[in-house]
Amino acid sequence: MSGIPKSKRAESKLEALHRAYVLRKRITAELMATFGYSQRKLEEHIAGMIAHIKDDEERAKTSKAIRDLEDDFDCWFIRRERDRVADFCQGITEHLRAANTIYPDPKNPAFEAEVTERRIEMDRALICCNKLQDELQYLAEVLPADSG
């Protein structure tokens, strides 16, 4: 490692951190767009659920009841999932940044501890990546969203 003191070193240009920021920015844009939630898909879903009802009045009443339940669930669900996804994205950049600020120096008696701590932070970032991937996959399967 470098013989330059930490305070004098330029910040490392960690490509993974830069990519994590780009990913976070793109996911944040998607969160702002409500995960691509589609009113059209919701209406198609409701239409399929009430297709067997013959009476127009009963169909309208059931349609409204389903829509109200779906809207309530979707608002709660989307709000909760937005928070989870945003937290995972934040965790990735947070742990990558923390790892990138640890500069193990072989001359330092704490070298092994620094290497271990840096590795732990990288592992924590990877854990957040895995959680984010799982959550996005789940959302893709659950939410009525337009593809593309």
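Reading the cores of a predicted helical chain

Q: With which residues is L96 in contact, leaving aside its neighbours within four places in sequence?
A: Contact means heavy atoms within 4.5 Å, and on that criterion L96 touches L14, A16, L17, A20, M122 and A125, once its neighbours within four places in sequence are left aside. This is a predicted model, in which local features need pLDDT of at least 70 and side-chain atom pairs count only at pLDDT 80 or more, while totals for chains, interfaces and linings use all residues. Residues are numbered from 1 along each chain as its sequence is written, and side-chain values use heavy atoms, with hydrogens and water left out.

Q: Which residues have the most contacts inside the largest nonpolar core?
A: A nonpolar core is a set of buried Ala, Val, Leu, Ile, Met, Phe, Trp, Tyr and Cys residues joined through side-chain atoms within 4.5 Å, where buried means under 20% relative accessible area with a 1.4 Å probe, protein chains only. Here the largest such core has 16 residues, and those with the most contacts inside it are I27, V85, I92, L96 and L132. At least two of its residues come from each of α1 (15–32), α3 (56–100) and α4 (111–142), and α3 gives the most, with 7 residues. Another core, of 5 residues, lies apart from it and includes I46, I50, I53 and I66.

Q: How many helices and strands does the chain have?
A: Helices (H or I, at least four residues) and strands (E, at least two) are DSSP runs, numbered from the N terminus; this chain has 4 helices and 0 strands.

Q: What percentage of the residues counts as buried?
A: Of the 148 residues of the chain, 27% are buried.

Notes:
Buried < 20%, exposed > 50% of the residue type's maximum accessible area, 1.4 Å probe, protein only.
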